[in-house]
Amino acid sequence: MSHGPRSGLAAVSSALLAMSRHLEVRDVLKTIVASARELLDAQYAALGVPDDHGGFAQFVVDGVSEEQWKAIGPLPRQHGILAAMLHEARSERLADVRKDPRFEGWPKAHPDLVDFLGLPIRDGAEVIGALFLANKNCPKPEGSCGFTAEDEELLGILAQHAAIALTNARLYERSRELTIAEERSRLAHELHDAVSQKLFSLRLTAQAAARLVDRDPSRAKGELQQVAVLAAEAADELRAAVVELRPAALDEDGLVATLRTQIQVLDRAHTARVTFACHGVKALPASQEEAVLRVAQEALHNALRHSGAGHVDVTLDRRGGGAVLRVTDDGRGFDPQAVRRAGRHLGLVSMRDRASGAGGTLTVESVPGKGTTIEMEVPGG
């Protein structure tokens with residue numbers, strides 16, 4: 001082993017403790033990668049969680065700067081050595097990854113990897129990730145791998161515990177989502193009961209005022225004042241519920257991360273390919289972030305449920321101090337004027353209301369047979 005027995009045991013213990021401290025999946029992935037790189041004294045480490053479309057739902061690296069990572073470009077696909085680890089579920093230890101017949105190259109900005117050690121992360125029979133390291137920091141005779149059999153064994157132990165940590169994090173997130181869903185259901189019932197009672201009282205009071213307006217204007221005036229009070233109370237209850245129902249993920253993760261996560265879920269759940277790209281968007285006022293998220297959700301729902309699209313592309317770009325959301329699909333499209341005349345709205349009225357309520361604008365471009373693009377712009381803070 002590259003470490004002495006005592007320091008090696010201490011390093012493994014430290015890595016396992018670090019993994020156990022985190023409950024968010026992204027944090028667990030980062031900890032696994034950083035721990036593996038430190039433990040085996042490698043220059044680079046990465047961990048990919050596969051999706052169901054030949055790519056990666058998540059891909060975390062350590063040893064590469066943020067600038068380098070941006071220059072490298074899109075996430076890798078499942079090919080070459082990565083595919084071997086994922087689909088054949090076996091470890092790979094190579095003296096020079098570039099000389100392996102399965103090597104297919106990498107982008108221009110990608111760092112040069114030489115010696116390589118990779119392992120699948122398995123939960124039972126399922127491969128839930130691929131963990132690999134490259135460029136061990138040690139003297140390497142020509143044609144030999146810096147990573148040893150002992151390193152491979154050590155990484156295997158780490159991978160087993162990584163599977164447990166990653167599975168626990170996923171279970172935690174699902175449990176949290178269920179808790180949030182249950183809480184929102186409870187709030188919805190409470191909102192329905194409270195506002196329904198207010199609106200019922202409002203209706204009866206308005207009817208009483210209408211009957212009194214001719215024969216007893218003074219009493220009618222009193223009833224109308226009560227109508228105003230009841231309407232204000234109902235509006236206050238609705239506002240309070242809206243604040244309470246603000247998506248929790250927005251507060252915790254921000255708009256970009258929330259959108260990315262939701263789109264990854266949709267991409268896995270539907271046959272259509274759903275992609276997301278973001279360029280330079282900074283935090284927006286809370287009301288604008290929620291409006292952008294809601295419009296994206298509505299547009300995605302329409303595209304995936306009604307358009308027959310094979311590909312839905314979502315982009316969020318910076319524009320001035322604000323942002324522009326664009327949801328484009330290659331589905332069957334429609335005639336916006338005909339939809340409006342027929343009284344069918346496909347959620348367009350709701351989306352326009354959300355956009356204008358956040359101080360933004362919404363445009364819809366669609367032609368039958370040529371897909372649809374929905375664009376929303378908000379001004380920022």
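## The nonpolar cores

In this predicted model, the largest nonpolar core has 35 residues, and those touching the most other members are Leu-255, Leu-259, Val-312, Leu-316, Leu-325, Leu-362 and Met-376. A nonpolar core is a set of buried Ala, Val, Leu, Ile, Met, Phe, Trp, Tyr and Cys residues joined through side-chain atoms within 4.5 Å, where buried means under 20% relative accessible area, exposed over 50% and partly exposed in between, with a 1.4 Å probe and protein chains only. At least two residues of this core come from each of α7 (248-269), β6 (273-279), α8 (286-306), β7 (311-319), β8 (322-329), α10 (348-357), β9 (361-366) and β10 (372-378), and α8 gives the most, with nine residues. Helices (H or I, at least four residues) and strands (E, at least two) are DSSP runs, numbered from the N terminus.

Not counting residues up to four places away in sequence, Leu-362 touches Val-295, Leu-348, Met-351, Arg-352, Ala-355, Ile-374, Glu-375 and Met-376, a contact being heavy atoms within 4.5 Å. A second, separate core of 29 residues includes Val-33, Ala-36, Ala-42 and Leu-155.

## The five-stranded sheet

Five strands form an open sheet in the order β2-β1-β5-β4-β3, with antiparallel pairing; two strands pair if DSSP finds at least two bridges between them. The edge strands, each pairing on one side only, are β2 and β3 (92-94), and neighbouring strands of the sheet are turned by 15° against each other on average, direction ignored. Strand β1 (residues 42-50) is joined to β5 by six bridges, the two running antiparallel, and Ala-42 stands opposite Lys-136 in β5.

Helix α2 (residues 25-40) packs on this sheet and touches β1, β2, β4 (116-123) and β5, its direction making about 40° with that of β2. Helix α4 (residues 80-87) lies across β1, β2, β3, β4 and β5, running at about 140° to β5. For such angles, axes are lines fitted to C-alpha atoms, for helices over the stretch in contact, and the angles run from 0 to 180 degrees between N-to-C directions.

## Asn-135 in strand β5

Asn-135 is placed in strand β5 (residues 126-136) and counts as buried, at 8% relative accessibility. A polar atom of its side chain lies 3.0 Å from the backbone oxygen of Asp-112. Leaving aside residues up to four places away in sequence, Asn-135 touches Ala-42, Gln-43, Tyr-44, Asp-112, Leu-113, Val-114, Asp-115, Lys-140 and Phe-147.

## Aromatic pairs

Rings of Phe, Tyr and Trp (its six-membered ring) pair if their centres lie within 6.5 Å, and planes under 30 degrees apart count as stacked, over 60 as edge-to-face and the rest as tilted; by this rule the count comes to five aromatic pairs. Phe-59 and Trp-69 are stacked, because their ring centres are 6.0 Å apart and their planes are at 5°. Phe-59 lies in strand β2 (residues 56-62) and Trp-69 in helix α3 (residues 66-72), so this pair ties together parts that are ten residues apart in sequence. Phe-59 is buried, with a relative accessible area of 8%, whereas Trp-69 counts as partly exposed at 25% relative accessibility.

Phe-103 and Trp-106 form an edge-to-face pair, with 4.7 Å from centre to centre and 75° between the planes. Phe-103 counts as partly exposed at 26% relative accessibility, and Trp-106 counts as partly exposed at 26%. One aromatic cluster is formed by Phe-56, Phe-59, Trp-69, Phe-116 and Phe-132.

## Basis of the values

Residues are numbered from 1 along each chain as its sequence is written, and side-chain values use heavy atoms, with hydrogens and water left out. As this is a predicted model, local features need pLDDT of at least 70 and side-chain atom pairs count only at pLDDT 80 or more, while totals for chains, interfaces and linings use all residues.

Terms used. A polar contact is a pair of N or O atoms within 3.5 Å; within protein, one must be able to donate a hydrogen and the other to accept it, and residues adjacent in sequence count only if both atoms are side-chain atoms.
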